Amino acid sequence: MSEKAYEVVHLDELDRFPIDEEGLLWRPVRRRLGITAFGTNAYTAEEGTERVVEEHREQDGHEELYFVASGRATFVLGDDEIDAPAGTFIHAEPGTKRGAVATEPNTTVLAIGAKPGVPHEISAWEEIFVGFGHYRKGDEDKAREHLTAFVAANDDRWQGHYNLACLEALTENRDAAIAELRRAIELEPAAKEYAAKDEDFDWLRGDPEFPA
Amino acid sequence: MSGTANVNDLALRLGGGPSWAMVRTHFDIQSFGVNAYIAEEPGIRIIDEHDELGERAGGHEELYFVSNGHAKFTVNGDEIDAPAGTFVFVRDPAAKRTAIAEEAGTTIVIAGGKPGEAFSPSPWERNAEGLVHFANEDYEQAVETYERFLSERPGDASFLYNLACAESRLGRKDEALEHLRQCVETEERFKQNAVGDPDFEAIRDEPEFSAITGQAGSAGTSS
């Protein structure tokens with residue numbers, strides 16, 4: 001990483017990684033600029049009907065602030081549905097369910113997050129998103145290369161093994177998928193439960209050695 | 001608490017400077033700093049020149065995002081053209097940074113934190129509590145608030161400055177001049193702010209005001 005005193009980038013210059021079937025397009029900001037004190041990313045909906053915030057609760061204790069930088073989106077926050085035009089901030093505590101879908105073309109939502117009371121630790125999912133972003137863009141080799149490198153550098157993080165297992169299952173590499181999923185379950189027993197419901201493993205589910 | 005707010009609804013108009021949306025304090029965010037500034041007109045210094053060193057600063061790395069309008073940043077002497085959609089990330093706490101709005105309605109969202117440390121709010125942000133009283137034109141309450149802050153942090157230049165602003169608004173010329181003098185003796189940069197600050201209309205023609213400010217500079221941010 002460069003140690004320049006400052007960095008400048010325009011939203012249009014950020015990478016675009018497709019993340020899910022609902023059109024979530026991840027634009028890595030923290031990763032691009034080398035920010036280490038907090039997490040921050042942008043999500044863009046070009047057509048105006050795509051998901052801009054994955055529906056989720058923060059499992060790792062992050063509080064998150066979303067800012068609708070342009071366009072308009074409908075947020076879910078807990079049990080509430082919120083119309084959020086450009087200029088709206090949405091603050092979500094870790095346990096609060098949140099998600100958003102764009103309602104106007106060229107909607108961009110900026111997300112900022114960190115965990116109170118502890119130094120910021122870069123989330124594992126960022127590199128996993130990059131890997132799967134390559135896969136969804138049709139570059140299986142780059143996806144495998146990226147996730148394999150992440151796993152090699154983070155052998156103790158179950159998320160890397162789990163997601164590499166997903167990729168290997170999706171690309172029908174039986175032995176590698178089973179080995180990576182076993183390692184993920186060894187590190188985090190709950191991964192067995194996740195895998196049992198994860199469509200990425202449908203192809204493997206009938207295999208007698210499938211560990212979930 | 002989880003919740004929502006529009007940046008324009010949070011923005012407090014503070015004299016001749018930009019409006020300040022105190023986002024972190026509004027949501028009681030505890031893991032990173034976040035604020036927004038809105039310039040109603042072009043030419044307003046939307047980000048005061050500062051670095052992140054010193055007692056009142058947090059030593060933060062800071063991310064500036066121009067969400068609306070157009071700004072011109074200067075970082076360590078380098079000029080940066082920043083239309084809407086631009087991120088300016090200042091990694092080095094020692095880097096001097098500032099920005100001027102080039103369009104009406106220019107809005108900048110700022111997030112910050114100190115690498116490797118759990119977040120704690122920057123001491124300067126304490127001003128937020130007092131500035132609410134300026135926005136409500138409740139200057140008596142502002143005086144009371146800043147006197148309290150000064151009893152906790154004697155000699156803090158930003159508290160002295162804002163106390164002087166409130167006293168000037170109340171027509172308490174002698175007190176305002178004395179606190180402004182103490183302020184600029186502590187931090188000379190406040191001279192520039194004072195020259196263009198409408199809070200000092202009541203004392204601007206006083207010879208002592210000219211002596212304190214040295215008649216320096218152009219309009220600065222208020223309060």
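This is a predicted model: local features need pLDDT of at least 70, side-chain atom pairs count only at pLDDT 80 or more; totals for chains, interfaces and linings use all residues.

User: Why is B:Ala39 called buried?

Analyst: A residue is buried if 20 or more other C-beta atoms lie within 10 Å of its own. B:Ala39 has 26 other C-beta atoms within 10 Å, and is therefore buried. This residue lies in strand S4 (residues 33–39) of chain B. Leaving out residues up to four places away in sequence, B:Ala39 touches B:Pro18, B:Ile44, B:Ile46, B:Ala101 and B:Thr106. B:Tyr146, by contrast, is 107 residues apart from B:Ala39 in sequence, and 25 Å apart from C-alpha to C-alpha.

User: What makes A:Gly95 count as exposed?

Analyst: A:Gly95 has 12 C-beta neighbours inside 10 Å, so it counts as exposed. A:Gly95 is located in the loop between S9 and strand S10 (98–102) of chain A. Its C-alpha atom is separated by 31 Å from that of A:Ala152, which is 57 residues apart along the chain.

User: Why is A:Asn106 classed as partly exposed?

Analyst: Buried requires 20 or more other C-beta atoms within 10 Å, exposed requires 12 or fewer, and partly exposed is in between. With 13 other C-beta atoms within 10 Å, A:Asn106 is therefore partly exposed. A:Asn106 sits in the loop between S10 and S11 of chain A. Its phi is positive, about 55°, although A:Asn106 is not a glycine.

User: Chain B also has a non-glycine residue with a positive phi, B:Glu137. How do you know whether B:Glu137 is buried or exposed?

Analyst: The count for B:Glu137 is 9 other C-beta atoms within 10 Å. As exposed means 12 or fewer, B:Glu137 is exposed. The phi of B:Glu137 is about 55°, and the residue belongs to the loop between helix H3 (127–135) and helix H4 (139–152) of chain B.

User: What makes H2(A) roughly parallel to H4(A)?

Analyst: The axes of helix H2 (residues 125–136) and helix H4 (residues 158–170) of chain A cross at roughly 10° and come within 10 Å. Angles under 35 degrees count as roughly parallel, so H2(A) is roughly parallel to H4(A). In this packing A:Trp125, A:Ile128, A:Gly131 and A:Tyr135 of H2(A) meet A:Gln159, A:Gly160, A:Asn163 and A:Leu167 of H4(A). The contact of H2(A) with H4(A) comprises 4 nonpolar, 4 polar and no charged residues.

User: Which residues touch the most other members of the largest nonpolar core?

Analyst: They are A:Val52, A:Phe67, A:Ala73, A:Val109, B:Ile46, B:Val88 and B:Ile108, in a core of 124 residues. The element that gives the most to this core is helix H5 (residues 157–169) of chain B, with 8 residues. In soluble globular proteins, nonpolar side chains tend to be buried together.

User: Where are the domains of chain A, and how far apart are their centres?

Analyst: The domain assignment gives domain 1 (11–114) and domain 2 (125–204) of chain A. Taken over C-alpha atoms, the centres of these domains are separated by 24 Å. Their contact takes 6 residues from domain 1 of chain A and 7 residues from domain 2 of chain A. On the domain 1 side, strand S2 (17–18) and strand S3 (25–28) of chain A each supply at least two residues. By class, that side has 5 nonpolar, no polar and 1 charged residues.

User: What is the arrangement in chain B?

Analyst: Chain B is divided into domain 1 (7–119) and domain 2 (124–213). The C-alpha centres of these two domains lie 22 Å apart. In chain B, 10 residues of domain 1 are in contact with 12 residues of domain 2.

User: How many residues does each chain bring to the contact between chains A and B?

Analyst: Chain A brings 41 residues and chain B brings 40 residues. The side of chain A that touches chain B divides into 25 nonpolar, 11 polar and 5 charged residues.

Definitions and conventions:
Residues are numbered from 1 along each chain as its sequence is written. Chains are lettered from A and ligands numbered from 1 in the order in which they are written. A nonpolar core is a set of buried Ala, Val, Leu, Ile, Met, Phe, Trp, Tyr and Cys residues joined through C-beta atoms within 7 Å. Helices (H or I, at least four residues) and strands (E, at least two) are DSSP runs, numbered from the N terminus. Domain bounds come from an automatic or database domain assignment. Two residues are in contact if their C-beta atoms, placed from the backbone, lie within 7 Å. Ala, Val, Leu, Ile, Met, Phe, Trp, Tyr, Cys and Pro count as nonpolar, Asp, Glu, Lys and Arg as charged, and the others, Gly among them, as polar. Axes are lines fitted to C-alpha atoms, for helices over the stretch in contact, and angles run from 0 to 180 degrees between N-to-C directions. Angles under 35 degrees count as roughly parallel, over 145 as roughly antiparallel, 65 to 115 as roughly perpendicular and the rest as oblique.
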